Amino acid sequence: MIKRLNETDYSSAALRVRELLADRKPLACVITFGCQQNEADSEKIRKIAVDMGYGVTDDPYEASLIVLNTCAVRRHAELKATSILGNFKAYKQEHPDTIIALCGCMAAEPSTVASLKTHFHFLNFTLEPNMLHKFPVLVLHAMEEGKRTFLLGEDEGDVVEGIGAVRRHSHRAWVSIMYGCNNFCSYCIVPYVRGRERSRASSDVLAECRELVASGCREITLLGQNVNSYASDVDFAGLLEQIAAIDGDFIIRFMTSHPKDVSDRLIAVMAKNPIKIAPYFHLPLQSGSDRILKAMHRTYDTAKYLDTVDKLRAAVPGIALSSDIIIGFPGEEDEDFADTMKILERVRFDMVYSFLFSPREGTRAAKMENTVPRAAMNERMAYLLDVSGKISYEKNQPYVGRVLRVLTDEAKEEDGKILLTGRTPENKLIHFTSHDPRVGRFADVKVDRAGAFVLYGEEEKRN
């Protein structure tokens, strides 16, 4: 069900917090871990803080409200979050009125929440990722009653519209179009902590995108745990087509896609909109072994995957492809890894994001036997990184000598030169010299050299 913010108790709680803060202007700090969806959620949390009367800072040690927005996809991310959380114990003792909260995927794991409640007595509350509209209520409970709250299992699967966002950049924006996942890949915790798939109404997405473009935004990235399974009054291809029809000088990206949901119509929409829709596609492979893909419950095989790759490259000339690969899934033998490397050599991704298998409590893969020894995992990872890095380097060489349209992100002055950083439509990172320090604009940059993961060049002056 889609709800509006005025159907919740958000506004009254936010107003009451603002009254309690009176003329003070305390600061809030949001620390983000994990994926782009978490980044988008953190932008909403910052807006909630502003609605309650807080300012925003990046320094937690000057904040009166500290929020950790966490990730549970890999064990390392959880350990990092709890380690940073522990660092605030002494700060809380020195500043007892400080409110410390933990949100995100860790806050939706029952065993994790139980541990946090027991071992981090200075933690005021946890909040599941789909319940952000409850945030002011929990802050109010902490302020008025000193109450510790650990909400769990209260997600009703609603999409709540109207929170807004405090974005770090005015020229780039994340736009979540759907939440949750129905795929239940055997290694993945996301369906358990983010819930089942539910999509925003296309009218709400379009309204947000139009507002962004009108305000000068130059890049919109559509987000979803499985973005191309979006289903409202239109499918994802239809939504993409409608956004591309908005007047303005901007480009559209989207992530993350599941290979099973890449339709011919989606590819056709990309082909018909080469200016608005970036020629870039992140298409997670995870493994090149059909046997392992079946154990992962990925619901496609390598033949289907390669067919999708071939269709994308035929329809969108020059498209850049990136992928995710998991090393060391239970039962992965040398032959399975060799099959993965064959796919890598066949597709020749522009970029590969590779991860060692991390068992997540509650998933089927966590109970699987025949685990891969860590030494074998590390050896395979090192080999994959070496090969994929060489391919990335080779894929970047044809850009040398070309003039690319780049959206500028950062600028600095060094040795009397203006140095800028940006991204090409193909999502290539590029550093270049320029005569114009402005960020958030499109620049024509001639590439003069290329590494494996970055291009270098100089901005061409326009007549």
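Helices (H or I, at least four residues) and strands (E, at least two) are DSSP runs, numbered from the N terminus. This is a predicted model, in which local features need pLDDT of at least 70 and side-chain atom pairs count only at pLDDT 80 or more, while totals for chains, interfaces and linings use all residues. Residues are numbered from 1 along each chain as its sequence is written, and side-chain values use heavy atoms, with hydrogens and water left out.

**Helices H8 and H9**

- Helix H8 (residues 202-214) packs with helix H9 (residues 236-244) at an angle of about 30°, and their axes are 10 Å apart (axes are lines fitted to C-alpha atoms, for helices over the stretch in contact, and angles run from 0 to 180 degrees between N-to-C directions).
- That angle makes H8 roughly parallel to H9, a term that applies to angles under 35 degrees.
- In the contact (heavy atoms within 4.5 Å), Ser202, Val205, Leu206 and Cys209 of H8 meet Leu239, Gln242 and Ile243 of H9.
- By class, this contact of H8 with H9 has five nonpolar, two polar and no charged residues (Ala, Val, Leu, Ile, Met, Phe, Trp, Tyr, Cys and Pro count as nonpolar, Asp, Glu, Lys and Arg as charged, and the others, Gly among them, as polar).

**The lining of the second largest pocket**

- H8 gives the most to the lining of the second largest pocket, with five residues (on a 1 Å grid over the protein atoms alone, a pocket is an open set of points where a 1.4 Å probe fits, with protein on both sides within 12 Å along at least five of seven lines, and lining residues have an atom within 4 Å of a point).
- The residues of this lining divide into nine nonpolar, four polar and nine charged.

Methods: Angles under 35 degrees count as roughly parallel, over 145 as roughly antiparallel, 65 to 115 as roughly perpendicular and the rest as oblique.
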